[in-house]
Amino acid sequence: MRFQTLLKCGALPAVLFLTAIAGCSTNPATGQKQLNWISTEKENSLGAEAAPKFVEQYGGDIPSESIHKYINDLGHRLAAVSERPDLDWEFHAVDSAVINAFALPGGKVFVTRGLMKELTSEAQLAGVLGHEVGHVTAQHIGQQMTRAIIITGIGVGIGVAGEQSDEDWLTVLGVGTSVGGGLYMLSYGRNQETQSDELGLRYMTHLGYNPIGQVQVMKVLKRASGGNGRGMEFLATHPYPDTRIKHLNQIIREQYPDYKDPQKYRVYRDRYQRTVLAELKRLPKPGHDPQSQPDG
Ligand SMILES: [Zn+2]
């Protein structure tokens with residue numbers, strides 16, 4: 001039997017059954033049953049513990065007040081129309097040349113300078129952030145952590161006693177701990193990526209952004225990973241670009257057939273060029289990464 005199937009609520013080994021029942025809940029964003037032992041409170045504290053490590057690992061926040069304000073404004077607007085507006089949301093544009101975006105528990109969302117530089121419009125950035133917000137609202141991280149707890153057989157000890165510090169949790173689960181010189185992030189399954197893509201579309205279109213921005217992001221990432229492999233870090237945590245492009249196009253055709261209507265859906269190319277791309281060209285290139293090329 002596949003492990004995936006074993007993890008369906010109520011189909012667990014007997015020793016974990018009672019604990020599992022307590023952690024079986026309905027997901028606020030997808031409406032599906034889920035197995036998640038990580039409470040919102042725990043999510044917030046784990047995110048608060050891990051976020052500064054990831055900021056440091058990725059070269060610190062980009063030293064630009066206008067970019068900081070821009071990404072937080074957009075991110076918080078997306079979070080506000082999500083199913084979990086009350087988390088301790090934070091949005092970081094970090095000064096690293098690698099191409100990546102990810103979310104930590106509790107709504108700590110990261111986008112790298114390397115990825116921002118590849119984008120050409122605010123609708124595309126809304127697609128990236130909306131997708132990451134989707135991982136948080138669909139509680140994928142809590143579900144992945146719950147799986148990790150079960151796989152490592154530490155479920156009863158760590159899951160119920162709760163005496164470990166947040167740092168202990170993250171260390172045991174391997175999130176935010178150093179692996180091969182870089183911080184490790186849990187990666188997601190195909191269904192979780194698809195769910196986040198759909199949720200990202202929901203949030204961005206709710207704010208009037210053209211959903212095609214999401215497809216363009218996937219194409220940008222696919223192209224970026226083809227030549228010199230610089231995009232591999234993103235694709236390691238967000239795999240299946242071809243399947244996702246196909247699925248996104250299908251959803252857009254079905255649910256947003258009027259996506260070409262410029263009155264209804266906006267792209268904001270100029271504002272992105274002005275606020276992000278022009279500003280990135282002005283700033284010194286990321287200093288900590290000897291591999292990085294000058295921007296522009
Ligand atoms: Zn993802």
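Predicted model: local features only at pLDDT ≥ 70, side-chain atom pairs only at ≥ 80, totals over all residues.
1. Q139 comes after helix α6 and has a positive phi, near 55°.

2. Helix α6 covers residues 122–137. From the first C-alpha to the last, its 16 residues reach 22 Å, close to the 22 Å expected at 1.5 Å a residue. The helix is largely enclosed by the rest of the structure, because 16 of its 16 residues are buried.

3. Strand β4 (residues 101–104) is covered on both faces. A101 and A103 are buried on one side, and F102 and L104 are buried on the other. In a regular strand, side chains alternate between the two faces of the sheet.

4. The partner of β4 is strand β5, residues 108–112. The two strands run antiparallel and are joined by 4 bridges. A101, one of the buried residues of β4, has V111 in β5 as its bridge partner.

5. The hairpin of β4 and β5 leaves 3 residues between the strands. Which residue of this hairpin takes a positive phi? It is G106, with a value near 80°.

6. K222 belongs to helix α11, which spans residues 212–226.

7. K222 and I245 are 23 residues apart along the chain. Their C-alpha atoms are separated by 9.9 Å.

Technical notes
Residues numbered from 1 in each chain as written. Buried ≥ 20, exposed ≤ 12 C-beta atoms within 10 Å, placed from the backbone. Pairing = 2+ DSSP bridges. Expected span 1.5 Å × (residues − 1).
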